[in-house]
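Please read this briefing with the sequence and the structure side by side.

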Amino acid sequence: MTNQNSASASKRPTTAWRLWRRNGVIWAALLCLLFLSLGLAYVQMGLFTPTVGIVIAFIKASLVILLFMELASSKALIKLAALAGLIFVATLFALTLADVLARVGGQ
Amino acid sequence: MSEVTGLLREPWEHFERQRGAGKFGIWVFLASEMLFFGALILTYAVCRIEHMDAFAAAGRETNIWYGTSNTAILLTSSLTMAVASQAAAAGQHLRRLVVAGLTLTVAFGLAFLVVKGFEYKEDLDKHLWPGAQFALHEPGAQLFYGLYWLITGVHAIHLTIGIALVGRLALLGHLKKLQLDENPEIEVTALYWHLVDIIWIFLYPLIYLPGRVS
C-alpha cells in the first residue's frame with residue numbers, strides 16, 4: 001500500500017516533458033502577469049494604480065499556492081493550515097486598517 | 001515496500017503518516033511566516049497611507065529593472081523547484097530530472113542574491129540608507145527605505161536559508177547519498193521555497209511600482 005499511492009497508480013507514467021509542460025504553462029502565466037503589472041504601473045489611474053499592482057500580486061500568489069504548492073489537490077487538513085494563516089493575516093490587516101483609515105478620513 | 005521504508009523515521013510506523021505530518025508541519029510554519037511578513041507589510045501599508053507622496057517619490061528611486069529581473073528570476077526558480085518536487089513525488093526514478101531541477105533552483109536563487117547585491121550597492125551609492133546623509137527630502141521617504149532595507153534584508157535571509165536547504169538536497173542527490181523518489185524532504189523544502197517566492201511577489205508592487213506615474 002505504502003509504495004504506490006493512488007494518484008500515481010491511476011495516472012499515466014510521469015515524464016520529464018509532461019512535468020515541464022504542465023508547470024511551464026503556469027510559469028508563462030506568472031511572467032505575463034509580472035509584465036502586465038509592470039506596464040500598468042505607468043498608467044495613470046489614480047488610486048487604482050497601486051490597487052492593480054496588489055490585485056495582480058494576489059493572482060500570482062494564488063497560482064503559486066494552488067498549483068506549484070499543490071494546495072488545490074491537498075487534503076482538507078493542509079488547506080485548513082493554509083487558510084488559518086490567511087485568516088489571521090486578514091484579521092491583522094482588517095482591524096489595523098479599520099482604525100488607520102478612519103483616522104485618515106477624519107482629518 | 002523496501003523503497004520507502006528507507007525513508008521512514010522515528011516515531012512513525014507508517015510512511016504516509018510521516019509524510020502527512022511533515023507536510024502539515026511545514027504548512028503551519030508557513031502560516032506563521034505569513035503572519036511575520038504580514039506584520040511587516042502592514043507596517044508599510046500604514047506608513048504609506050500616512051505618507052502617500054513621500055512613498056511615491058521613494059518608490060521612484062528604486063531600480064525597476066533590478067526589481068523586475070529579480071521577480072522573473074524567482075518565478076522561474078519556483079518553476080524548477082515545482083518540477084523537481086513533482087518529479088520526486090511521482091516516484092518513477094526521475095533522479096536526473098530531480099537533481100537538475102534542484103540545481104537550477106539553487107542557481108536562480110544565487111542569481112537573485114547577486115542582482116540584489118548590485119542593487120544594494122547602487123542604493124548605497126545613491127544615499128538611500130536612512131540617516132543624516134539620506135538623499136530624499138520628504139520625511140516619509142526615510143520610512144520607506146527603513147522598511148525597504150528591513151523587509152528585503154529579512155527576505156534575503158530567508159532565501160539564503162532556502163538556497164542552503166535546496167543545495168543540500170541537490171548535492172546529496174548528485175552524490176547518490178539520498179533517495180529522491182518519494183522523499184518528503186524535497187516536498188517540504190519546495191513548499192518553503194515557494195513561500196519565499198510568494199513574499200517577493202507581494203514586495204514587488206509595494207517596493208518597485210509606487211510613483212511610476214507622474
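This is a predicted model: local features need pLDDT of at least 70, side-chain atom pairs count only at pLDDT 80 or more; totals for chains, interfaces and linings use all residues.

Residues are numbered from 1 along each chain as its sequence is written, and chains are lettered from A and ligands numbered from 1 in the order in which they are written.

**Make-up of chain B**

- Chain B has seven helices and zero strands; helices (H or I, at least four residues) and strands (E, at least two) are DSSP runs, numbered from the N terminus.
- The order of its elements from the N terminus is α-α-α-α-α-α-α.
- Along the principal axes, the C-alpha atoms of chain B fill a box of roughly 65 × 30 × 30 Å.
- Of the 214 residues in chain B, 46% are buried. A residue is buried if 20 or more other C-beta atoms lie within 10 Å of its own, exposed if 12 or fewer, and partly exposed in between, with C-beta atoms placed from the backbone.
- Among contacts in chain B with a separation of 6 or more, 80% are between residues 24 or more positions apart. Two residues are in contact if their C-beta atoms, placed from the backbone, lie within 7 Å.

**Helix H6 and the residue after it**

- Helix H6 of chain B covers residues 139-174, which is 36 residues.
- From first C-alpha to last, H6(B) reaches 52 Å, close to the expected 52 Å; the expected span is 1.5 Å times one less than the number of residues.
- H6(B) is followed by Lys176(B), which has a positive phi of about 60 degrees although it is not a glycine.
- Lys176(B) lies in the loop between H6 and helix H7 (184-207) of chain B, and it counts as exposed because it has 10 C-beta neighbours inside 10 Å.

**Other loop details in chain B**

- His127(B), in the loop between helix H5 (95-125) and H6 of chain B, has a positive phi near 55 degrees.
- His127(B) has 14 C-beta neighbours inside 10 Å, so it counts as partly exposed.
- The peptide bond from Glu10(B) to Pro11(B) is cis, with omega near 0 degrees.
- Pro11(B) sits in the loop between helix H1 (2-5) and helix H2 (15-50) of chain B.

**Contact between the chains**

- Chain A gives 46 residues to the contact and chain B gives 47 residues.
- On the side of chain A that touches chain B, H4(A) gives the most, with 15 residues.
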